[in-house]
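Here is a chain to walk through together, with the coordinates open beside the text. Please keep your viewer at hand as we go from one region to the next.

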Amino acid sequence: MTEGKAERRIRRNRIRRQRQLRRRVFLFAGVMLVMLSLAGGSFIVRAQDACSEPLYKYYTSIPIEDGDSLWSVAEDYGTGFDSGRDFIQEVIRINHLTDESLRRGDHLIVPYYSREFRQ
């Protein structure tokens, strides 16, 4: 009878170890799946419509006249930017301006976007 008990105990231990191994494999697979999905999400890029033409970014110098402000310049040249504020911040950075005031006779370097490629 003691051999029967020993065999059942060995069988139960083997089943218990198999279940533990199965749990560990599933846990490892789950952790790897989560890590891969997080890593894959960081590589997602915004794709352009295949039919749309690309926009090219250029810079030009414009003279400042009476009544001009960064907002009026943004209305003329700021297309392609997310907002007028983004355009103005870039103009301030490019031209090393300390504030938003402009003087007649000055020249500003302004960015603009075009679908036309220029060399």
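**A pocket, some rings and a helix**

The largest pocket has a volume of about 170 Å³. The term has a grid definition: on a 1 Å grid over the protein atoms alone, a pocket is an open set of points where a 1.4 Å probe fits, with protein on both sides within 12 Å along at least five of seven lines, and lining residues have an atom within 4 Å of a point. Grid points are joined across faces, edges and corners, and the volume is the space filled by probe spheres set on the points. Rolling a probe the size of a water molecule over the atoms shows where empty space is left.

Before going further, note that this is a predicted model, in which local features need pLDDT of at least 70 and side-chain atom pairs count only at pLDDT 80 or more, while totals for chains, interfaces and linings use all residues. Residues are numbered from 1 along each chain as its sequence is written, and side-chain values use heavy atoms, with hydrogens and water left out.

Which residues line the largest pocket? They are Ile64, Asn95, Leu97, Thr98, Asp99, Ser101, Leu102, Arg103, Asp106, His107 and Leu108. This lining divides into four nonpolar, four polar and three charged residues. Here Ala, Val, Leu, Ile, Met, Phe, Trp, Tyr, Cys and Pro count as nonpolar, Asp, Glu, Lys and Arg as charged, and the others, Gly among them, as polar. Asp68 belongs to the loop between β1 and α2 and is partly exposed, with a relative accessible area of 28%; buried means under 20%, exposed over 50% and partly exposed in between (1.4 Å probe, protein chains only).

Now for the chain as a whole. It has three helices and two strands, which run α-β-α-α-β from the N terminus on. These are DSSP runs, numbered from the N terminus: helices are H or I with at least four residues, strands E with at least two. Of the 119 residues, 15% count as buried.

The aromatic rings come next. Rings of Phe, Tyr and Trp (its six-membered ring) pair if their centres lie within 6.5 Å, and planes under 30 degrees apart count as stacked, over 60 as edge-to-face and the rest as tilted. By this rule the count comes to four aromatic pairs. Tyr58 and Tyr112 have ring centres 5.8 Å apart and planes at 35°, so they form a tilted pair. This pair links distant parts of the chain, with Tyr58 in strand β1 (residues 56-63) and Tyr112 in strand β2 (residues 107-114), 54 residues apart. Tyr58 is buried at 14% relative accessibility, and Tyr112 is buried at 18%. The pair of Phe81 and Phe87 is edge-to-face because the ring centres lie 5.2 Å apart with planes at 80°. Both Phe81 and Phe87 are buried, and together with Tyr113 they form one aromatic cluster. Tyr58 has a further contact: the charged end of Arg118 sits over its ring, 5.2 Å from the centre. For this, NZ of Lys or CZ of Arg must be within 6 Å of the ring centre and within 35 degrees of the ring normal.

Helix α2 (residues 70-77) has Leu70, Val73 and Ala74 as its buried residues. They lie on the same side of α2, because they cover an arc of only 105° around the axis, taken from the directions from the helix axis to the C-beta atoms. On the other side, Glu75 and Asp76 are exposed.

Finally, look at His96, in the loop between α3 (84-95) and β2. His96 has a positive phi of about 55° although it is not a glycine, and counts as exposed at 70% relative accessibility.
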